[in-house]
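User: I am new to this structure and would like a close look at a single part of it. Please take me through that part and its surroundings step by step.

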Amino acid sequence: MAFGDIGGVVTELVITCKTPDSGSVNIAKGDAVSLAGPYTVCNDADAESPVLGEALAGSTANGAAIPVKVRGVSVFDYEGETPPTVNGLAGIVAAESSGKVKAPASGNGAGINLKVDTVAGQVHVLL
């Protein structure tokens with residue numbers, strides 16, 4: 001699969017997870033998700049929570065199976081005054097808005113940022 005401005009082969013790893021068994025669920029395709037339990041993901045994690053991957057399908061049901069990309073390149077919407085950094089080390093963490101990411105307040109976060117599009121408010125991350 002070609003990807004990005006230059007193109008090339010990208011290897012991806014997708015695992016099947018599930019939504020929480022109780023509570024509100026509103027995961028959209030493309031949302032950044034975090035672990036909420038064993039193989040259980042949510043998109044409303046606390047700010048600075050580690051990002052596990054990208055939801056490849058949406059769900060509003062409790063206990064539903066959901067495919068999650070945990071390796072490969074994902075494009076996430078980001079928020080915050082400081083955009084994520086592209087330096088070969090820095091990654092992302094969960095933001096306060098569900099499904100979005102931000103630059104970590106400290107440390108490197110998850111993945112490696114490959115490109116930041118400040119106009120679109122998106123960051124390309126190698127998970």
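Predicted model: local features only at pLDDT ≥ 70, side-chain atom pairs only at ≥ 80, totals over all residues.

Analyst: Residues are numbered from 1 along each chain as its sequence is written, and side-chain values use heavy atoms, with hydrogens and water left out.

Ser34 sits in strand 2, residues 32-37 (helices, H or I, of at least four residues and strands, E, of at least two are DSSP runs numbered from the N terminus). Ser34 has a relative accessible area of 4% and is therefore buried (buried is under 20%, exposed over 50% and partly exposed in between, with a 1.4 Å probe and protein chains only). A polar atom of the Ser34 side chain lies 2.7 Å from the backbone oxygen of Pro50. When neighbours within four places in sequence are left aside, Ser34 is in contact (heavy atoms within 4.5 Å) with Thr40, Val41, Cys42, Ala45, Ser49, Pro50, Val51, Leu52 and Ala94.

Among these partners of Ser34 are Ala45, Val51 and Ala94, and these three also belong to the largest nonpolar core, which has 11 residues in all, including Ala32, Phe76 and Val123 (such a core is a set of buried Ala, Val, Leu, Ile, Met, Phe, Trp, Tyr and Cys residues joined through side-chain atoms within 4.5 Å). Apart from this core lies another one, of nine residues, among them Val25, Ile27, Val41 and Ala55. Ala32, with its neighbours within four places in sequence left aside, is in contact with residues including Val51, Phe76 and Val101.

Phe76 leads on to a sheet, for Phe76 stands opposite Val123 in strand 10. Strand 6 and strand 10 (residues 122-126) run antiparallel and are joined by five bridges (two strands pair if DSSP finds at least two bridges between them). The open sheet has three strands in the order 6-10-9, with antiparallel pairing. Strand 6 (73-77) and strand 9 (112-117) stand at the edges with a single partner strand each, so one side of each is left without a neighbour in the sheet.

Tyr39 counts as exposed because its relative accessibility is 57%.

Note on methods. Polar contact = N/O pair within 3.5 Å; in protein donor to acceptor, adjacent residues only side chain to side chain.
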